[in-house]
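Hi,

Here is the structure I promised to pass on.

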Amino acid sequence: MTDSLDALNKKLDRLIDAVSRLAPPPVPQTDLGVADCFVWQADPGYLEPVRKVNRVDIGLIRGVDRVRDILIDNTERFASGYAANNVLLWGARGMGKSSLVKAVHATVNASDKLDRPLKLIEIHREDIDTLPKLMGLLKAAPYRFILFCDDLSFDHDDTSYKSLKAALEGGVEGRPANVIFYATSNRRHLLPRDMIDNERSTAINPSEAVEEKVSLSDRFGLWLGFHKCSQDEYLDMIDGYVRYHGLAIDPEQLRAEALEWATTRGSRSGRVAWQFTQDLAGRLGKPLRD
């Protein structure tokens, strides 16, 4: 009898162990005090701290002085507890839209005006429909948050933009007072032009269909446009990078090589300037500053 009970207990222990392994792991607990930047992991639903943020010094972002100052002012007001707007940074590729968001966050936190640090949370484009869940986690926290989505846009048959509209300004509860939303996009209206045109041509009421599509951008109180840079602005960007990283090269040679690099790439932008700087540092055998 005892042997039978022992055998049964062993089987039950193995069954319990197997069932335990099938259960999902517990959701990690987020400590908002361990970092100033986080990435939202929608599944299982927690904020992953980022110990070392990939960003550049704000002084190295050239050719966007006006929008830089506007974004700093809006961010400072929000971080200080005053009214501020959601921001859409749109326009030319490689002109520093996402870099500016991260640099402005660091600049505002470096000031001595804040009682608590401003937190930056990146949310991936594919997780936009989980925004309400994320905001629910943040609204009771003793910090203020920038929710940041890089390269935000919506394709055909994608209805998650409706979740974003509701989270930003709609819904019964609305956006929490301690949360603001910054997004970058190559498109000002976030939706494909042909998608809007199709709505216009097939809808019973074309104007109402178009309004439904383009009104998402209206949820952003600030539209900051980024445009292609001139040759002088491109060379100024490279000069700034070269000085910052201490790369020794003859100015005329630097200019000639930088222009040739832009020609081979077929464009001039902050991204192209940075890629040239990395290539130059490698050829000179010099490390880049962190």
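Let's start with strand E3, which is covered on both faces: Val-87, Leu-89 and Gly-91 are buried on one side, and Leu-88 and Trp-90 are buried on the other. Buried here means under 20% relative accessible area, while exposed is over 50% and partly exposed is in between (1.4 Å probe, protein chains only). The names of helices (H or I, at least four residues) and strands (E, at least two) come from DSSP runs, numbered from the N terminus.

Before going on, keep in mind that this is a predicted model: local features need pLDDT of at least 70, side-chain atom pairs count only at pLDDT 80 or more, and totals for chains, interfaces and linings use all residues. Residues are numbered from 1 along each chain as its sequence is written, and side-chain values use heavy atoms, with hydrogens and water left out.

Back to E3 (residues 87-91), where five of five residues are buried. What does it pair with? Two strands count as paired if DSSP finds at least two bridges between them. E3 runs parallel to strand E6 (residues 179-185), with four bridges joining them, and Trp-90 has Ser-185 as its bridge partner in E6. E3 also pairs with strand E7 (residues 222-226) in the parallel sense, over five bridges; there, Val-87 stands opposite Leu-222.

Next, find Met-95 in the loop between E3 and helix H3 (97-110). Met-95 is buried, with a relative accessible area of 4%. Contact means heavy atoms within 4.5 Å. Leaving aside neighbours within four places in sequence, Met-95 is in contact with residues including Phe-226, Cys-229, Ser-269 and Gly-270.

H10 (residues 270-284) has 15 residues and reaches 21 Å from first to last C-alpha, close to the 21 Å expected at 1.5 Å a residue; the expected span is 1.5 Å times one less than the number of residues. At the N-terminal end, Ser-269 caps H10, with a side-chain oxygen 3.4 Å from the backbone nitrogen of Arg-271. After H10 comes Gly-285, whose phi is positive, near 70 degrees. Among the buried residues of H10 are Ala-273, Phe-276 and Thr-277, and their cover includes helix H8 (231-244) and helix H9 (251-265).

Now for the cores. A nonpolar core is a set of buried Ala, Val, Leu, Ile, Met, Phe, Trp, Tyr and Cys residues joined through side-chain atoms within 4.5 Å. The largest one has 46 residues, and Phe-226 and Ile-238 are among those touching the most other members. Its largest share, six residues, comes from H8. A second, separate core of 31 residues includes Phe-38 and Leu-88.

Finally, the structure holds zero disulfides, a disulfide being a pair of cysteine sulfur atoms within 2.5 Å.

Cheers

How values were computed:
A polar contact is a pair of N or O atoms within 3.5 Å; within protein, one must be able to donate a hydrogen and the other to accept it, and residues adjacent in sequence count only if both atoms are side-chain atoms.
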